[in-house]
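Okay, thanks for making time, everyone. Let me put the structure up and then walk you through a few spots in it.

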Amino acid sequence: MLKYSLILGAFNLLSAQTVSTEAPKKGAKTDEISAYLAASACPDFLTGDFLISNNSQLKQMGFGDMITRRHTERFGEIDLVAAEYPDAGISFGGSVDKICLVTVVGPAAQNSLAGLQRAKDSIGADFQPFPDGTKTIGTISVETFKAQVDDKYSLYAQVSQSVQNNLPVVTYQLFGTVN
């Protein structure tokens with residue numbers, strides 16, 4: 001836990017540089033909502049400034065109050081909220097100071113891909129393609145980018161595409177490590 005708590009410093013270094021935009025309202029296109037979550041909400045989520053419980057911005061975008069908790073091998077417990085739209089479902093969350101995730105499932109997932117890929121460029125870090133960071137494993141393709149924040153911290157942005165239950169899935173992850 002201490003390793004990830006130290007990463008909070010990297011996110012705080014970037015918080016002043018993050019592009020702040022107004023949250024989309026309910027009825028906005030899923031690609032606009034997912035891009036906002038990845039570019040604006042994820043950095044704030046990681047610093048603890050954008051919580052998923054009782055969040056009026058998430059409610060305006062159609063997210064419910066129910067928080068789903070999952071265990072991941074790499075990051076431990078993560079909490080997610082979800083919203084259903086006519087063309088896709090979106091889940092958002094993660095674990096404060098560890099990881100932020102935005103996942104789009106459904107026909108609109110492919111339309112959300114470009115916005116999720118650009119999200120890293122709005123954070124203020126110099127993300128570069130990670131060596132061997134673009135891979136295809138079966139039906140899953142992954143692009144990984146790394147930004148050296150300072151001599152102690154690195155941030156990673158990762159975008160993956162897959163198909164689950166015959167539906168396209170696109171996921172954006174933002175996380176950090178101590179060098």
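**A walk through the model**

Let's start with a side-chain pair: Thr-47 and Asp-49 are joined through their side chains by a polar contact of 3.1 Å. By polar contact I mean a pair of N or O atoms within 3.5 Å, where within protein one must be able to donate a hydrogen and the other to accept it, and residues adjacent in sequence count only if both atoms are side-chain atoms. Thr-47 also has a polar side-chain atom 3.0 Å from the backbone oxygen of Asp-44. Where does Thr-47 lie? In the loop between H2 and helix H3, which is 56–60. And Thr-47 is buried, with a relative accessible area of 12%. Buried here is under 20% relative accessible area, exposed is over 50%, and partly exposed is in between, with a 1.4 Å probe and protein chains only.

Quick housekeeping. This is a predicted model, so local features need pLDDT of at least 70 and side-chain atom pairs count only at pLDDT 80 or more, while totals for chains, interfaces and linings use all residues. Residues are numbered from 1 along each chain as its sequence is written, and side-chain values use heavy atoms, with hydrogens and water left out.

Now the overall picture. The protein has four helices and nine strands, and from the N terminus the order is α-α-α-β-β-β-β-α-β-β-β-β-β. Those are DSSP runs, numbered from the N terminus: helices are H or I with at least four residues, strands are E with at least two. Of the 179 residues, 50% count as buried. If you take contacts between residues at least 6 apart in sequence, 52% of them join residues at least 24 apart. Contact, throughout, means heavy atoms within 4.5 Å.

On to the helix pair. The axes of H2 (residues 30–46) and H4 (residues 109–119) come within 8 Å and cross at roughly 20°. The axes are lines fitted to C-alpha atoms, for helices over the stretch in contact, and the angles run from 0 to 180 degrees between N-to-C directions. So H2 and H4 are roughly parallel to each other. The cut-offs: under 35 degrees is roughly parallel, over 145 roughly antiparallel, 65 to 115 roughly perpendicular, and the rest oblique.

Which residues make that contact? From H2, you've got Thr-30, Asp-31, Ser-34, Ala-35, Ala-38 and Ala-39, and from H4, Asn-111, Ser-112, Gly-115, Leu-116 and Ala-119. They divide into five nonpolar, five polar and one charged. In that scheme Ala, Val, Leu, Ile, Met, Phe, Trp, Tyr, Cys and Pro are nonpolar, Asp, Glu, Lys and Arg are charged, and the others, Gly among them, are polar.

Staying with H4, its buried residues are Ala-109, Ser-112, Leu-113, Gly-115, Leu-116 and Ala-119. What covers them includes H2, along with strands E4 (99–105), E8 (153–164) and E9 (167–178).

That takes us to E9, where Leu-174 sits. Leu-174 counts as buried, at 1% relative accessibility. Leaving aside neighbours within four places in sequence, Leu-174 has contacts that include Cys-42, Pro-43 and Leu-46, as well as Ile-123, Phe-127 and Tyr-156.

The side chains of Thr-103 and Thr-171 are joined by a polar contact of 3.2 Å. With neighbours within four places again left out, Thr-103 also touches Gly-89, Ile-90, Ser-91, Val-169 and Val-170.

Last stop, backbone angles. Asp-97 isn't a glycine, yet its phi is positive, about 65°. Asn-165, also a residue other than glycine, has a positive phi near 50°. Are they buried or exposed? Asp-97, in the loop between strand E3 (88–95) and E4, counts as buried at 8% relative accessibility. Asn-165, in the loop between E8 and E9, is exposed, with a relative accessible area of 75%.
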